[in-house]
Amino acid sequence: MNRAILLGIGALVAAAAVAPALPSYPLTLLTQVAIMAVLAMSLDILLGYTGLPSLGHAAYFGAAAYAVGILATERQAGFLTCLVAGVLLATVTAALFGLIAIRATGTYFLMITLALGMVVWGLAFRWVSLTKGDNGIAGVPRPELPLPWSLSAPLPFFYFALVATALAWAALGTLARSPFGLTLKGIRESETRMRALGYDVWLHKYLAFVISGAFAGFAGVLWAWYNGFVSPVDVQLVTSVETLLMVALGGPGTLAGPALGAAMIVFLKNFVSVYTKRWLLILGAVYIGVILWAPRGVLGALRSQR
Amino acid sequence: MCLSEPLALRLERVSKAFGGLRAVDGVELAVRPGERRALIGPNGAGKTTLFNLVAGALPVTTGRIELFGRDVTRMPSHRRAALGLTRTFQVSNLFPSLTVLDNCLLAVQAPTTAKFAMHRPLARDLALRARAEDTLAAVGLADRATAIVRNLSHGEQRQLEIGLALAGRPRVLLLDEPTAGLSPAESAAMARLLGRLDPAITVLIIEHDMDIALELARHVTVLHYGRVIADGTRDAVRADPTVREIYLGA
Ligand SMILES: Nc1ncnc2c1ncn2[C@@H]1O[C@H](COP(=O)(O)OP(=O)(O)OP(=O)(O)O)[C@@H](O)[C@H]1O
Ligand SMILES: [Mg+2]
């Protein structure tokens, strides 16, 4: 546990230290990693800690990104409005979807979250008057903060994203080690025993679902600012699958592992895209590889080595 | 015995059907507060199913269940637990990848509001931790607190099974074959542990080992094909011809 925290802090410090020396392309990738790490960690609360495999996490990420895209372009909304509205929309969406999804377990939970994710994708695609449909919302401005550096430059925005990631990691880490966090692990291990002990299992799962959605929304807000462009790609199934893979690849139930998984998937995707368009095929191969050789993810495999 | 005092547990014509099989069939049961009651019967008699009905893990098909005079027939299991009803499982039902201490902490914090705290580390809650350690000491696992439950011996897992049930300070305790799979020495230790239980706790125990069942409980209920076929003091039940036939004949 402590080793993972040290590793994570080491990675944050190292990234902050090398960033000024990096050319713009690797810096962009690192920024993507930081944001996707937040998304992966938010899913880890569900998948790794509570044992709920959500295949619709892009819905909350995308809902928040759209909120920022629309508010920032049409209403010239600033930092706080975008942040609050994005996270709030993601939270409300998760609170609604959770009512439907939480009764189901295992594969059924997977399928329901997938279906709900498709609903959001369908809205993004079809509600053209609001979302501009397939064209997406372009020209989303980055927020102005009372800082000496403008966030429109890559380096300041990278540091901004890094700080946001560190904050999200600290918050989720505190949650994971809290009494409530332990109840989530208990649910993952034995729901029947949790009920016998007097826990309202539904309520704890629901709270985890909503909190997870809120943090996915936080990642979505950062993504809209980073990318300057919001489109149905952000809410599509592939984004949910990639997120699930980040968690599985890095090591579910460790937070630092999914962040590492985010780095691996982001770099792999950008590296592979130079040579081929068959990203989904590669993604599938990575998934099979994880199942075969590291069912508990990279961090899990490293741990059992010792 | 004071008559105005409500029964700890009362079952009225409780039945459970799995398809065509009546696993529990019109069971009547009345257990006084503080009583020790043994529930015996051959394999498949419906003993575990009866516990599942009382605990709320399964819904009844027909009938009524009262806990301390309160109708709990339709109450979900976690709310029955909050009223002081706890059970153990015939096949150990623990949190295998967590430590022994974390297992116990889950049981200790269940009746408290601490279970919803998200902003502070559990490790800092010394009161909860002290209670968890007391419970572990009571079931003889004090020196195993940091072990991962999956790595415990079968006997230790049975001890923890009891520990989890005791940690929430139950008023009614349902024990489903606490000695299942234990060696004779381990069974004897378990019997001593059960003999030390707070006399205020009402205990229903399913037990295949007659010696342990009759040592602990003066009152015995016999189940056979889902029905109560005998109910009385241990001597009366021992002398009952049907019981003798089931246990000595066939
Ligand atoms: N969930 C279920 N679905 C269908 N049938 C069940 C279910 N649970 C139990 N049964 C059946 O109900 C009957 C009673 O089972 P139960 O487990 O209650 O017996 P038991 O008295 O606890 O037996 P044992 O001494 O072997 O533990 C058995 O015939 C069993 O197969
Ligand atoms: Mg049984």
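**View 1. Thr48(B) reaches toward ligand 1 in this predicted model.** A polar atom in the Thr48(B) side chain sits 2.7 Å from an oxygen of ligand 1, a polar contact, meaning a pair of N or O atoms within 3.5 Å. For Gln90(B), a side-chain N or O atom is 2.8 Å from an oxygen of ligand 1. On its own, ligand 1 exposes 640 Å², and the protein buries 61% of that (Shrake-Rupley areas, 1.4 Å probe).

**View 2. Here's the shell around ligand 1.** It has 14 residues, and among the nearest are Asn43(B) and Thr49(B) (a residue is near if one of its heavy atoms lies within 4 Å). Helix α1(B) gives the most, three residues (helices are DSSP runs of H or I, at least four residues; strands are E, at least two). The shell splits into five nonpolar, seven polar and two charged residues.

**View 3. Meet the magnesium ion, ligand 2.** Its protein donors are Thr48(B) (OG1) and Gln90(B) (OE1), 1.9 to 2.1 Å away (donors are N, O and S atoms within 2.8 Å of the metal, or 3.2 Å for Na, K and Ca). Thr48(B) is in helix α1 and Gln90(B) in the loop between β6 and α3 of chain B, so the pair ties together parts 42 residues apart in sequence.

**Notes.** Residues count from 1 along each chain, with chains lettered from A and ligands numbered from 1 as written. Local features need pLDDT of at least 70 and side-chain atom pairs 80 or more, while totals for chains, interfaces and linings use all residues; side-chain values use heavy atoms, without hydrogens or water.

Methods
Polar contact = N/O pair within 3.5 Å; in protein donor to acceptor, adjacent residues only side chain to side chain. Nonpolar A, V, L, I, M, F, W, Y, C, P; charged D, E, K, R; others polar.
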